[in-house]
Every structure is written in C-alpha cells, then in structure tokens.
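Let's take a friendly walk through a protein model, one region at a time. Keep the structure in view as you read.

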Amino acid sequence: MKMDNNSLQSVFNALIPWYLEFFRKLPWRSNPVPYQVWLSEIVFQQTRIEQGLPYYHRILKTYPDVFSLAKAKEDDLLRLWQGLGYYSRALNLHKAAKIIIEKYKGVFPNELADIQSLPGIGPYTAAAIASIAYEMPVAVFDGNVRRIMGRIFCISNPVSKDVCKALEEIIKNYQPSFFNQSMMELGALICKPKSPDCDCCPVKEFCCAYKKNTISEFPSPKIKKEKAKLQLLYFKILRADMPGKFALVKRNRSSIWKGLYEFPIIEGHAKDEIVLEFSRKYPFLEVIETPEFLMQGKHELTHKSITADFYSIYCSGNFPSHWEWLDENSVKEKGMHKLMFEFFK
Ligand code: SF4
C-alpha cells in the first residue's frame, strides 16, 4: 500500500474513533490549556507516563501558571525534578517561562515558529503543543510515528520530511489534536517497539507488515553508537572544625546536571593513588587521613555510561568560599542528580 492521501485517510478513519474510545484520561487532554500541554510535553520527553505523572502533578501544584514558574527559584524547581533525569529540561522550562512573561506578556505563543524558538522545544514538541493546545494542523514525527508508519506501509526507513508532508495533506480533514494523539496512543498502547498487540490494533487491516508477517523488519533499526564511558571520583570532604558536615558544590561546568549539587569531583580514572590525584586537583587542601572508599554508583544516560566511586576524606586548609557545608538533613533540600540521590538514600 502506498503512503498516499487515500490510504492515510483509511488509516485515520479507523484510528481516531479507536482513540476516542480508548484514550488514557490524562489531565491535559480533558483541558488542553497551553501551559499544561507544554508542561506535559516537557515532563514526558524520554519519560513513561506512569513514571512522569506524579512529577507533572507536583510541578503543576507548585507552579500552577507560567507566572509562578518564571518566579521559581532554580534550585526549588530542580529539587521537584529530582529523580526524573535530563535536568536540562527543567532549566529550559524555567528559561522559557521567563521569555513567555517578558516577550509574550505571559500568554503562551500561538505561532509555530514562536513556540519552536523557546528553549527546550524542538520540532516534535512544537508540533505537539501547537496541535493539542491550538488545533494547528501540524503533524508530529518521533520514534512512535516512525515505527507505525514504517510498519503500516512497509517502509524500512521512514523519513521525517516525507511522512510529515503526507500527514499534513490530510490532517486538516480531522481535529489535529485527535489526529496526532491517536498516533501517540497507538504507539504507546498497541504498536509498541517490541511485541505489538496486532490482534487488538484498530488499523491492522491496512497494515502491510502485519499482512506479510514481517513486523520485526519495520522500520529498520537505527544503528546504535557505542556509549562513551565516563568515570567520576566523588569526595565527601569532612573537616574537624565542622563535625557532621560535608561540602557540596553546585555544578555549572557542562550541560549534564547543570545547576545540580554534588560532592567535589575529579573526572576521569584515578591513574595514581587517590590522595595524589586529590592533591593535584585540590592543592589548597591538606589530606589528614587516608580516604575511605564508600560505594560505587552507576548511571546510564542516552549517550554515556557513568561509573562513580565515592570516597570520604578528612581535610584542612583553605576551603573555597563557594562550597556549601551541609549535613545529612539539610542535604535533602538541595537538588541533586541521580548518583548523589542514590548515595543519600
Ligand atoms: S497491525 Fe501490528 S504492526 Fe501493524 S500498526 Fe497495528 S500493531 Fe502495529
């Protein structure tokens, strides 16, 4: 079957009624206020609904509108985000809220180009917000759409530009919010990457891969690059004049975990003995006792595999003024990334 107007209309004539009967009753669907649709699209990037829903509710309760979000303290927002990962999403959300206040007087923009110009919003998210919040006839393209289109039309490598062009020829014949969300829902509930539930699929009679029993071949898998490995050494630095306290530093060097708190760190393997490595990185501190190994943590990001070794170390000397000294109770008030969070669990 060719991916043309007629065949696509047959697919959506079956898919949208199925969506309207079976869609998950999510809060931004019954009341698609632009702020809430935007928040949902950011929270659920790379995140399953079950995992992200408690975060969505907590953030919305704390920041019910773009004004309160723009006024939020970055640390408070990061703390609410703690455990959800991909923290740049929270920082971009915050930056975008400020832009919406300054440039759009607090009204979420309703032009596609303006939506896409906001931090943290790419073509998929812009199309999703525009269609769900404003019923704009723009088609979304992501991994779900790639997989579904690949299977229905037996296309090994569906190209975003071609699929969007074909979908946008017919999206105006439907309600754009239902059109896009019906595909999202089919991808999430039925046409899953592994073991799709074809028997329950509303479009199986139009599906080329189903008819030919070649579902696993479509679309062809993307070639995965091997992940880079990153080794970190974290130091819980203790000092005699502040018993029970240790230093935390706000991270600002790179985009990973920017703005979150962690122990003083050395990036890379310990090539020499730990004390020597530590003294090279922190020459203004004197190590008083042999460091003690505490634990090893591991964390997987999309492009990186991270291993972190945690040590405690007693020091004296000239501690940097930007280091914050906390204890086991006060540390819980800081936004930290998953490795640190695991450490204090
Ligand atoms: S029939 Fe199966 S493979 Fe085809 S669209 Fe439906 S769930 Fe996906």
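This is a predicted model: local features need pLDDT of at least 70, side-chain atom pairs count only at pLDDT 80 or more; totals for chains, interfaces and linings use all residues.

Asparagine 6 sits in helix 1 (residues 5–22). Helices (H or I, at least four residues) and strands (E, at least two) are DSSP runs, numbered from the N terminus. Is asparagine 6 buried or exposed? Asparagine 6 counts as exposed, because it has 10 C-beta neighbours inside 10 Å. For the labels used here, a residue is buried if 20 or more other C-beta atoms lie within 10 Å of its own, exposed if 12 or fewer, and partly exposed in between, with C-beta atoms placed from the backbone.

Residues are numbered from 1 along each chain as its sequence is written.

## The whole chain

The protein chain has 15 helices and eight strands. Its C-alpha atoms fill a box of roughly 75 × 50 × 30 Å, taken along the principal axes. Of the 345 residues in the protein chain, 31% are buried.

Two residues are in contact if their C-beta atoms, placed from the backbone, lie within 7 Å. Among contacts in the protein chain between residues at least 6 apart in sequence, 68% join residues at least 24 apart.

Helix 7 (residues 88–104) has 17 residues, and from its first C-alpha to its last it reaches 23 Å. That is close to the 24 Å expected at 1.5 Å a residue, where the expected span is 1.5 Å times one less than the number of residues. The buried residues of helix 7 are Ala90, Leu93, His94, Ala96, Ala97 and Ile100. They cover an arc of only 165 degrees around the axis, which puts them on the same side of helix 7; the arc is that of the directions from the helix axis to the C-beta atoms. An α-helix has 3.6 residues a turn, so residues three or four places apart point the same way.

What do the buried residues of helix 7 pack against? Their partners are helix 3 (34–43), helix 5 (66–71) and helix 6 (74–81).

Helix 10 is mostly covered, with eight of its 10 residues buried. Among them are Val145, Ile148, Met149 and Ile152. The cover over the buried residues of helix 10 includes helix 1, helix 11 (160–170), helix 12 (176–189) and helix 13.

Which helix gives the most to the shell around the ligand? Helix 10 does, with three residues. Helix 10 (143–152) and helix 13 (208–212) each supply at least two residues of this shell. A residue is near a molecule if its C-beta atom, placed from the backbone, lies within 6 Å of it. Of the 14 residues around the ligand, Cys191, Cys198, Cys201, Cys207 and Tyr210 come nearest. The shell divides into 12 nonpolar, no polar and two charged residues. Here Ala, Val, Leu, Ile, Met, Phe, Trp, Tyr, Cys and Pro count as nonpolar, Asp, Glu, Lys and Arg as charged, and the others, Gly among them, as polar.

## Strand 7 and its partners

Strands pair if DSSP finds at least two bridges between them. Strand 1 (residues 228–238) and strand 7 (residues 304–317) run parallel, joined by 11 bridges. Leucine 232 has alanine 308 in strand 7 as its bridge partner.

Strand 6 (residues 292–300) pairs with strand 7 in the antiparallel sense over eight bridges, and the two form a hairpin with three residues between them. In this pairing, glutamine 296 has aspartate 309 in strand 7 as its bridge partner. Strand 5 (residues 285–287) also pairs with strand 7 in the antiparallel sense, over three bridges, and valine 287 stands opposite cysteine 315.

## Loops to look at

The peptide bond from phenylalanine 218 to proline 219 is cis, with omega near -15 degrees. Proline 219 lies in the loop between helix 13 and strand 1.

Serine 195, in the loop between helix 12 and helix 13, has a positive phi of about 45 degrees although it is not a glycine. Serine 195 is exposed, with 8 other C-beta atoms within 10 Å.
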